[in-house]
Amino acid sequence: MADANPPVAQPKTKGLFIKTYGCQMNVYDSERMRDVLKPLGYEPVDAPEQADLVVLNTCHIREKATEKMFSELGRLRDLKRQTGGEMRIAVAGCVAQAEGEEIMRRQPAVDMVVGPQAYHRLPEMIAKLARKTGDVLETDFAADEKFDALPKTREVDGPSAFLSVQEGCDKFCSFCVVPYTRGAEYSRGVDAIVAEARELARKGVSEIVLLGQNVNAWHGAAPAHDSRGGEWGLGDLIRHVAKIGGVERIRYTTSHPGDMMDDLIDAHGDVEQLAPFLHLPVQAGSDRILKAMNRKHTAEDYLRVIERVRTVRPDIAVASDFIVGFPGETDKDFEDTLALVKAVGFSQAYSFKYSARPGTPAAGMQLQVEEAVKDERLGRLQRLLNDQAQAFNDAMIGRRVKVLFSRPSRRQGQALGYSPYMQSVHVDDAARVSNSMAEVEILGATMSSLKGRLVEAEVHA
Ligand code: SAH
Ligand code: SF4
Ligand code: F3S
């Protein structure tokens, strides 16, 4: 029987499962996709088996990352068959951008492909899919449109949140796909960033991590209240965000050595909330290789930047990224990388074997290095970096540090948090510290984490 007064249609709850690969920008984007889909009735579920929509937010940076995505898609296809074809599969992120059509061809179970600049169009795409009309592949570049169109509200989970302030890259390092998958450098405006930071602080976030592929290339017109006018750089933005009530800790990642401006360096000396941690990828220590990589800086330039940062903030922890086996890298070049590592002393680092990426200049270079040589170099580099990480962490034993506990540890009964220096810290009193800043005495260290004893719960930075 028809209802004379049908109630206003509430969207039926549907399960959403997003799996995220790659960098923090993808983590941020996945959170924003969740925000975009919420008004349509999509609620996060714990496993793809319970989902009506599965989104793979993919990474294209190395070949392995892309292959992982295709094998995951194979598993999802089987799952989709078991649900009688009801489940929807979307591929988002950098592989979607780079190989959208190829994905559609290679895996027909995929319903939608959406590049990193088009997440705000997801509702429209889902509607098209339901009507079985129109395009379900969106890979246009319009970063400004994306940020403007994303919902102003944000769900938060925990006291730490990512905030994308910059997207894309114009540096064109010869090995890297990012300028092709994320497009040209784009900086969000100060007002939009500050509004988002306030929204996060209002919801109880005390640590904000400013994100960008090249976050220190961020720049923007000074807001009206700044009588100096002109252009702001990341240092100005950090000083401004530090004034928002409730923001106790600020981080930013990832930076390019060529964009470490004086004001940003100075901020490390005089902005109390700015954490003493700098992730500054160098990639290699040989000037010849840096040049072939189109990094636009020398090893000496890098060392000088580190020296300047350490002058204003002597205890800063420095992290980096390395690539071994770039085309043409000789034993001597590799020794230069080891020498740079010894000269700096890193607190942590990511190191990778060079992976040739289609469409990048380095993929076509002569003298590609053999896999066995890459393996051997990676092993040597990682042993050195591990020793440095262990030494850095050992030096914390006996000290008291403020740790922001953001999530339960995988270890039973323990909580996991981060020190100001970005070290993982485990303590036993999980219930007392959850989602808060606490003072911890460090008792033990491995190369990847610290173990501590809770001294005081609920402190401020
Ligand atoms: N925007 C950041 C990081 C980009 S990707 C920056 O400029 O540093 C993260 C890291 O992946 C890079 O720092 C680099 O070390 C690594 N990487 C990028 N392309 C790679 C490739 N083709 N092979 C191996 N590692 C790569
Ligand atoms: Fe890639 Fe270089 Fe841009 Fe970093 S700076 S994203 S490594 S092109
Ligand atoms: Fe990967 Fe794209 Fe980030 S290629 S590292 S997800 S910008």
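Strand β17 (residues 400–408) is the element that gives the most to the lining of the second largest pocket, with 3 residues. Helices here are DSSP runs of H or I with at least four residues, strands are runs of E with at least two, and both are numbered from the N terminus.

Some ground rules. This is a predicted model, in which local features need pLDDT of at least 70 and side-chain atom pairs count only at pLDDT 80 or more, while totals for chains, interfaces and linings use all residues. Residues are numbered from 1 along each chain as its sequence is written, chains are lettered from A and ligands numbered from 1 in the order in which they are written, and side-chain values use heavy atoms, with hydrogens and water left out.

Back to that pocket. The second largest pocket holds about 360 Å³ of space. Its lining has 18 residues, and Glu248, Glu272, Lys402, Pro420 and Ala461 are the ones nearest its centre. By class, that lining has 9 nonpolar, 1 polar and 8 charged residues. Nonpolar means Ala, Val, Leu, Ile, Met, Phe, Trp, Tyr, Cys and Pro; charged means Asp, Glu, Lys and Arg; the others, Gly among them, are polar.

How is empty space found? Rolling a probe the size of a water molecule over the atoms shows where it is left. The search uses a 1 Å grid over the protein atoms alone: a cavity is a set of points where a 1.4 Å probe fits but cannot get out, a pocket is an open set with protein on both sides within 12 Å along at least five of seven lines, and lining residues have an atom within 4 Å of a point. Points are joined across faces, edges and corners, and a volume is the space filled by probe spheres set on them.

How many cavities of 30 Å³ or more are there in the whole structure? The search finds 1. The largest cavity holds about 30 Å³, and its lining consists of Ile250, Arg251, Tyr252, Leu274, Ala275 and Phe277. Strand β13 (residues 249–253) gives the most to this lining, with 3 residues.

The largest nonpolar core has 66 residues, and Leu210 and Tyr252 touch the most other members. Helix α7 (residues 190–202) supplies the largest share of this core, 6 residues. Another core, of 25 residues, lies apart from it, and includes Val55, Val114, Tyr119 and Val209. A nonpolar core is a set of buried Ala, Val, Leu, Ile, Met, Phe, Trp, Tyr and Cys residues joined through side-chain atoms within 4.5 Å. Buried means under 20% relative accessible area, exposed over 50%, and partly exposed in between, with a 1.4 Å probe and protein chains only.

Beyond four places in sequence, Tyr252 is in contact (heavy atoms within 4.5 Å) with Leu210, Val215, Leu234, Ile238, Met260, Leu264, His268, Leu274 and Leu278.

Next, helix α8. Of its 8 residues, 7 are buried: Leu234, Gly235, Asp236, Leu237, Ile238, His240 and Val241. These pack against α7, β10 (207–211), β12 (231–233), β13 and α9 (262–270). Asp236, in α8 (residues 234–241), counts as buried because its relative accessible area is 14%. Setting aside residues up to four places away in sequence, Asp236 touches Arg228, Glu231 and Asp263.

Glu167 sits in strand β8 (residues 166–167) and is buried, at 1% relative accessible area. Its contacts include Met25, Asp29, Lys146, Arg182, Glu185 and Gln213. From Glu167 to Asp144 is 23 residues in sequence and 9.7 Å in space, C-alpha to C-alpha.

Ser347 is in the loop between α12 and β16 (348–353). Ser347 has 4% relative accessibility and so counts as buried. Ser347 touches Phe277, Ala317, Val318, Ala319, Ala389 and Phe392.

Buried or exposed, or partly exposed: where does Thr330 fall? Thr330 is partly exposed, with a relative accessible area of 36%. Thr330 lies in the loop between β15 (317–324) and α12 (331–344), and its contacts are Arg288 and Arg377.

Last, ligand 2. Its shell has 7 nonpolar, 2 polar and 2 charged residues. Among them are Cys169, Cys173, Cys176, Asn214, His256 and Arg295; a residue counts as near if one of its heavy atoms lies within 4 Å.
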